[in-house]
Amino acid sequence: MSASKTCRCYTDEAKIYFAFNHLLTNALTYTSASGTIVIRSEKRHDVVAMTISDTGKGMQPDVIEHIFEPFFRGDEARTVNLGGVGLGLTIVKMTIEAHGGAIVVNSQPGKGTTFSISLPVEVLNTSLAV
């Protein structure tokens, strides 16, 4: 007999879809056609860790410290043309935290942005007869 482990992450599918879709849409919007977007996920201890990284415009440090605040728009001239009212990232953060997770952003102007998300998982031990 051998044992295997299965991990489950319990989420509200529609809300998590919105959160990831919003982050990916931002990456696509702010990364040029010659840029790169990378999505990664892996299980680490008791969480699923996911990142969405891009080689886009990046953000200044003074923008990063406010990025999750309601109605905050980092570059008014640019964001007015692209739409939105500054609630997307606020909702993303609230959604991730409501699922017991965390989200952080790292960004460098001219080099890109990485959003890192962790969501808790439940590890189930399953025994298989061999």
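Student: Hi! What do β2 and β3 form, and how many residues lie between them?
Tutor: Hi! In this predicted model, β2 and β3 make a hairpin, with two residues between them. His45 sits in the turn and has a positive phi of about 55°.

Student: Nice. In which sense do the strands pair, parallel or antiparallel, and over how many bridges?
Tutor: Strand β2, residues 37-44, pairs with β3 in the antiparallel sense, over eight bridges.

Student: And which residue in β3 does Glu42 stand opposite?
Tutor: Glu42 faces Ala49 there.

Student: Let's look at Thr51. Where is it found?
Tutor: Thr51 belongs to strand β3, which covers residues 47-54.

Student: Buried or exposed, and why?
Tutor: Thr51 counts as buried because its relative accessibility is 19%, and the cut-off for buried is under 20%.

Student: Which residues does Thr51 touch, leaving out those up to four places away in sequence?
Tutor: With those left out, Thr51 contacts Val38, Ile39 and Arg40, plus Thr114, Phe115 and Ser116.

Student: Switching topic: which residues touch the most other members of the largest nonpolar core?
Tutor: That core has 21 residues, and the ones touching the most other members are Leu23, Ile67, Phe68, Ile96, Ile103, Phe115 and Ile117.

Student: Which elements give two or more residues to this core?
Tutor: They are α1 (13-29), β3, α4 (88-98), β4 (102-108) and β5 (112-120). The most comes from α1, with five residues.

Student: Last one: what does Ile67 touch, again not counting residues up to four places away in sequence?
Tutor: Ile67 has contacts with Met59, Phe72, Leu89 and Val105 on that basis.

Notes
Residues are numbered from 1 along each chain as its sequence is written. This is a predicted model: local features need pLDDT of at least 70, side-chain atom pairs count only at pLDDT 80 or more; totals for chains, interfaces and linings use all residues. Side-chain values use heavy atoms; hydrogens and water are left out. Helices (H or I, at least four residues) and strands (E, at least two) are DSSP runs, numbered from the N terminus. Buried means under 20% relative accessible area, exposed over 50%, partly exposed in between (1.4 Å probe, protein chains only). Contact means heavy atoms within 4.5 Å. Two strands pair if DSSP finds at least two bridges between them. A nonpolar core is a set of buried Ala, Val, Leu, Ile, Met, Phe, Trp, Tyr and Cys residues joined through side-chain atoms within 4.5 Å.
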